[in-house]
Amino acid sequence: MYLELIIFLTLLAFGYGFGRYAEKKHYRSIIAREKELNNIPAIATKHAPVSGQQHDSNLVMGSVVISIDYFKRFAASLRTLIGGRVTSYETLLDRARREAILRMKEDALSQGGDIIFNIKFETSSIFKGKKNTVGSVEVLAYGTALILKQGAH
Amino acid sequence: MALPSFLSKELIKLEYSNPEIPEGINTSKEHPLKEFLLLVAGVLSSIAILILLLVLLSDFIVGYIPFSWEKKLSAPFTSTEKSIKHTDNTTLINNYLQKMAARITVAQNLPEDMTIKIHYLDRPSVNAFATLGGNVFFFRGLLEKLPNENALAMVMAHEIAHIKFRHPIQSLGRGVLAGLALSIVSSSAGDAIMENFISEAGILTILKFNRDMERDSDKAALGSLVSIYGHIKGADDLFLVLQQENKNSEPYEFFSTHPLTENRISNIRNQSRQSAASETTSITPLPNDFKRWLQSEKSEPDSGSDETDPAEINI
């Protein structure tokens, strides 16, 4: 019983420590890169904001897989008993969505894109742990990037 | 809203920009540990309250079960006991223990129908337990280690007090009701970690009630010693034996079915200090032949299993 308790508390502490460190680091990187890539707007309109004489349109996408940690999972399962906002998953998905957009923008940038429209998200939990617990989450962002044709000005 | 194609790329960007979104809209600004601690405290106290209510309910229901039902329930035990071939020594020890039980039964004012049946088991475990239907079991291992009759009377009075307070059937009822509820709740939690967490929390709560039972029985047992010997000297010898036996392996009280042996000893010593007569009184020795009666006639290995039935209550 002691051993179980010690293992449990250690896992919880490790989960919290590493998870929190990774999350803070990730948020710092997300905020910095969002500023950097702000010159490529990503918008959700269905139709191209310009008619395509001067632009090519290309599919761009970014996807990310983030695993939850022991602490987050435990905090979330406590929530399942009581109900309410699962805040430990909220930050996870927030990070995943923003990271996916950033990667999509990086994809667009590498192709010389100016703007991405009709962006969409797909979210899925990619592995189910024991008893269908969420292991990690994948967020895919994709859209259509407009790339200025060579010589068109 | 398609823009005319002659618009320059700068203009497009002007129209469509991604403003910097302030942090904390999609996430909570609260520190995760604060929320976590609140959740843990909330869930733990709900489990404790649930168990408390179930224990009270179970004790209430058990109160309506007559002792004669218990006897019937335990009948299969006693019938198998009879089939064991008794040797002379076993008969002697059984008679001695049964006589002592009779004295304690009187001292504890047991109701008429509450009869105590002592069983001697020729096994090396240092243990004794009370179970349904007034059956009390003594292992050779324990009897061999007891230094005097007072210590033996203490064990027996403790076990008989369990029977008097109907702890075995209460314990069975709690095990069934609270145990069932715990397993239902934990298995519907949907998560392996959570399942463990809930059942451990529940078990720790039940243990608290177990320790209360032990304290009550200790108290009643000391009362019987006073009425039989006029003092409680020697009662702590029992716990010294147990302490020696469980050296280094006793868990913290919080994780244990019993109060810490150390606390039980100091409890007895406090009580004997209060009664001034204790210095002049003497300890009653065990019968001269006691050790000879205990000599094992078969070298049967201990069954080794520590698993106990919820209705079996140890010292």
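This is a predicted model: local features need pLDDT of at least 70, side-chain atom pairs count only at pLDDT 80 or more; totals for chains, interfaces and linings use all residues.
Close-up 1. Helices are DSSP runs of H or I with at least four residues, numbered from the N terminus. After the helix comes B:Arg166, which has a positive phi near 60°.

Close-up 2. A salt bridge is a side-chain nitrogen of Lys or Arg within 4 Å of a carboxyl oxygen of Asp or Glu. A:Arg95 and A:Glu23 form one at 2.7 Å, N to O. The pair links distant parts of the chain, helix α3 and helix α1, 72 residues apart. A:Arg95 counts as buried because its relative accessibility is 7%; for A:Glu23 the value is 9%, so this residue is buried too.

**Close-up 3. Salt bridges of A:Arg98.** A:Arg98 pairs with A:Asp94, the closest N and O atoms being 3.3 Å apart. These residues are four apart in helix α3 of chain A, so about one helical turn separates them. A:Arg98 also meets B:Glu23 at 2.6 Å, N to O. B:Glu23 lies in the loop between α1 and α2 of chain B, so this pair joins two chains.

**Numbering and limits.** Residues are numbered from 1 along each chain as its sequence is written, and chains are lettered from A in the order in which they are written. Local features need pLDDT of at least 70, side-chain atom pairs count only at pLDDT 80 or more, and hydrogens and water are left out of side-chain values.

Terms used:
Buried means under 20% relative accessible area, exposed over 50%, partly exposed in between (1.4 Å probe, protein chains only).
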